[in-house]
Amino acid sequence: MQDFGNILDNQVLMVSLFACLFAQMAKLTIELIRHGKINFRALVTTGGMPSSHSAFVSALATGVGQTIGWESPEFAISVVFAFIVMYDATGVRQAAGQQARILNQIIDELFQEHPQFNEDRLKELLGHTPFQVIVGLALGVVISWIAKLAYP
């Protein structure tokens with residue numbers, strides 16, 4: 001239990017968490033610019049610009065490469081992990097969001113004919129566009145490099 005406090009000394013982890021939080025805050029700012037109002041749901045919802053998942057895992061992989069070495073097995077593992085997360089964000093979750101959109105359309109049409117049924121909508125914004133993932137990836141890498149320059 002004494003080692004638990006050492007987690008906060010893990011610079012790679014802290015920078016990765018910062019990259020994720022920074023991306024989430026960027027979503028809030030982008031929502032404000034696009035819609036003229038603050039939407040605090042942007043802080044806790046999936047999807048949107050930029051991908052905080054991509055920022056998180058790309059900062060992690062970059063930090064591992066900077067700390068342990070670009071040729072290390074740990075860097076290879078973190079890169080594979082990052083690609084799986086980013087693929088999932090654009091592929092599987094994006095497809096699930098599209099399916100939810102279609103099912104919601106079907107439900108809307110059904111309830112027009114039978115208004116007595118309860119209408120539960122599925123969450124449609126689950127994944128990211130490839131551009132959102134690329135921006136998140138770049139954000140994570142840049143934040144990790146800046147942190148390494150600031151705290152060598």
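Helices are DSSP runs of H or I of at least four residues, numbered from the N terminus. In this predicted model, helix 1 spans residues 11-35 and helix 2 spans residues 52-68, and Pro50 is found in the loop between them. The peptide bond that leads from Met49 into Pro50 is cis, with omega near -10°.

The protein chain has an average pLDDT of 84, and 79% of the residues score at least 70. Among the elements of the chain, the highest mean pLDDT, 97, belongs to helix 2, and the lowest, 68, belongs to helix 4 (residues 92-113).

An unreviewed UniProt entry annotates residues 12-33 and 131-151 as "transmembrane region". In the model, the span of residues 12-33 is 100% helix and 0% strand, and its end C-alpha atoms lie 31 Å apart. For residues 131-151 the end C-alpha atoms are 30 Å apart, with 95% of the span in helix and 0% in strand.

The axes of helix 1 and helix 2 come within 8 Å and cross at roughly 155°. Since angles over 145 degrees count as roughly antiparallel, helix 1 is therefore roughly antiparallel to helix 2. The crossing of these two helices is right-handed. On the side of helix 1, the contact is made by Val12, Val15, Ser16, Leu17, Ala19, Cys20, Ala23, Gln24 and Lys27. Helix 2 contributes Ser52, Ala55, Phe56, Ala59, Leu60, Gly63, Val64 and Thr67 to this contact. By class, the residues in the contact of helix 1 with helix 2 are 11 nonpolar, five polar and one charged.

Helix 2 also packs against helix 3, at an angle of about 170° and with the axes 9 Å apart. This angle makes helix 2 roughly antiparallel to helix 3. In helix 2, the residues that meet helix 3 are His53, Ser54, Val57, Leu60, Ala61, Val64, Gly65 and Ile68. Their partners in helix 3 are Glu74, Phe75, Ser78, Val79, Phe81, Ala82, Val85 and Met86. The contact of helix 2 with helix 3 comprises 11 nonpolar residues, four polar and one charged. Leu60 and Val64 of helix 2 take part both in the contact with helix 1 and in that with helix 3.

Met86, Ala89 and Thr90 of helix 3 meet Pro130, Val133 and Leu137 of helix 5. The residues of this contact divide into five nonpolar and one polar, with no charged residue.

Technical notes. Residues are numbered from 1 along each chain as its sequence is written. This is a predicted model: local features need pLDDT of at least 70, side-chain atom pairs count only at pLDDT 80 or more; totals for chains, interfaces and linings use all residues. Side-chain values use heavy atoms; hydrogens and water are left out. UniProt positions are given in the numbering used here, feature names are shortened, and annotations may be inferred rather than shown by experiment. pLDDT is the predictor's confidence in each residue, from 0 to 100. Contact means heavy atoms within 4.5 Å. Ala, Val, Leu, Ile, Met, Phe, Trp, Tyr, Cys and Pro count as nonpolar, Asp, Glu, Lys and Arg as charged, and the others, Gly among them, as polar. Axes are lines fitted to C-alpha atoms, for helices over the stretch in contact, and angles run from 0 to 180 degrees between N-to-C directions. Angles under 35 degrees count as roughly parallel, over 145 as roughly antiparallel, 65 to 115 as roughly perpendicular and the rest as oblique. A crossing is left-handed if the near helix is turned anticlockwise from the far one by less than a right angle, and right-handed if clockwise.
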